[in-house]
Amino acid sequence: MPGPSPSTAWWAQRAPSAGAAVLATGTLSVGLDLAGYGGLSRIALGLGCAAWLLLAADFTLRLLLAGTGWRAYAGVPGLVDTVATAALTTVAATAVLGTGFSAAGAQSLAAALLVLAVLLWPVPLVLPAQDGERRRPGTVFARCMATQGLAVLGATLAAAESAAWLAHAALVLFWLGLVLYVLTLARFDVRQVAEGRGDHWLAGGALALSALAGARLISSDSARLYLWNVDDRGVLRNVTVVLLVLTLAWCAVLLAAEFLRPRPRTDIRRWATVFTWAKTAAATLAVAAALDVSWLDGFGELLLWVAVAAWLGATAWTLASVRAYAAPGRVRSRARR
């Protein structure tokens, strides 16, 4: 049976990074909303939705065209891992967009996206790795990110809809996500800190997403729901603060490594770096609001504008890259090979 076409393999290798672009844009929308920039938040949310729809349409089309030939993919080394990572990144992106819609007041649409993400989440989560014990790049944190994305959206909807059961389910996902982070950290190739092309920043981005989930769980409580007693709230508060501190520490290490070992070459994996900056800003702003730490607001907003600048740079490079790949001369030169 023939293997996948070159174009399909090309897309499969880029799918996780393409999903990171949706993640970064949706996260930017959440951060802008937390900072009080409602109009800019809605623009970012619309762009994130457009990118998500393009990815979903492309994936569905390729799946239909593949037909029964999907079995051929199992024989391609690492391709199943890549597709599973792409699926988990899509789950996280779907949850982040749902969080943005909830902030915009569209609770029904946010709930529908939560259901979709939950349905997509289990299969790639439990797929066994093809590469055994080999150390992995930053995409190894996709399992943690997908799980914590569900926790964030669940806690956000629980607060909006006063649904105690949803908050408790989100709490379970929050703790599961932390366990997955610890397990996957052992498989992360630390050499990527000095050599990675962008997705190594997910080591910090996954922690930032966890900190945001903790902040949303704290904020979901109210006198009407009474979700957490004093001890529970204290544990959540302490864990969330530790997660935010670890996130900032990771970002400091990763940023220092970028200066010590510059990697000027642009790469689509840089969208994961943009996501980490945006998620760190959103987590800082959310923790500031949940714990009433006013001095964190200014720092979170500073990180947010750094993320906006990074997003603009990554968008400009992506558009230029797509134009260059689709240029007629390039297509002809590829056809002659």
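Is Trp-271 buried or exposed in this structure? Here are some points to follow as you look around the model.

1. **The model and its ground rules.** This is a predicted model, in which local features need pLDDT of at least 70, side-chain atom pairs count only at pLDDT 80 or more, and totals for chains, interfaces and linings use all residues. Residues are numbered from 1 along each chain as its sequence is written, and side-chain values use heavy atoms, with hydrogens and water left out.

2. **The overall picture.** You will find 13 helices and 0 strands in the chain. Helices (H or I, at least four residues) and strands (E, at least two) are DSSP runs, numbered from the N terminus. Of the 337 residues in the chain, 49% are buried. Buried means under 20% relative accessible area, exposed over 50%, and partly exposed in between, with a 1.4 Å probe and protein chains only. Among contacts (heavy atoms within 4.5 Å) between residues at least 6 apart in sequence, 82% join residues at least 24 apart.

3. To return to the opening question, Trp-271 is buried, with a relative accessible area of 6%. The structure holds 7 aromatic pairs. Rings of Phe, Tyr and Trp (its six-membered ring) pair if their centres lie within 6.5 Å; planes under 30 degrees apart count as stacked, over 60 as edge-to-face and the rest as tilted. The rings of Trp-271 and Trp-311 have centres 6.5 Å apart and planes at 75 degrees, so this pair is edge-to-face. Trp-271 sits in helix 11 (residues 270-291) and Trp-311 in helix 12 (residues 295-325), so the pair links parts of the chain 40 residues apart. Trp-311 also counts as buried, at 14% relative accessibility.

4. **An aromatic cluster.** Elsewhere, look for Phe-141, Tyr-181, Phe-188 and Trp-250, which form one aromatic cluster.

5. **Helix 9 against helix 10.** Two packed helices are described by the angle between their axes and the distance between the axes. Here the axes of helix 9 (residues 202-220) and helix 10 (residues 230-260) come within 8 Å and cross at roughly 155 degrees. That makes helix 9 roughly antiparallel to helix 10. Axes are lines fitted to C-alpha atoms, for helices over the stretch in contact, and angles run from 0 to 180 degrees between N-to-C directions. Angles under 35 degrees count as roughly parallel, over 145 as roughly antiparallel, 65 to 115 as roughly perpendicular and the rest as oblique. Residues of helix 9 that take part include Gly-204 and Leu-207, while those of helix 10 include Thr-247 and Trp-250.

6. **Thr-276.** This residue of helix 11 is buried, with a relative accessible area of 0%. A polar atom of the Thr-276 side chain lies 2.9 Å from the backbone oxygen of Trp-201. Not counting residues up to four places away in sequence, Thr-276 touches Trp-201, Leu-202, Gly-204, Gly-205 and Cys-251.

7. **Arg-263.** Which loop holds Arg-263? Arg-263 is found between helix 10 and helix 11, and counts as buried at 10% relative accessibility. The Arg-263 side chain reaches the backbone oxygen of Arg-261 at 2.9 Å, and one of its polar atoms lies 3.1 Å from the backbone oxygen of Val-193.

8. **Trp-305.** Finally, Trp-305 lies in helix 12 and counts as partly exposed, at 35% relative accessibility. Not counting residues up to four places away in sequence, Trp-305 touches Tyr-37 and Leu-40.

Methods: A polar contact is a pair of N or O atoms within 3.5 Å; within protein, one must be able to donate a hydrogen and the other to accept it, and residues adjacent in sequence count only if both atoms are side-chain atoms.
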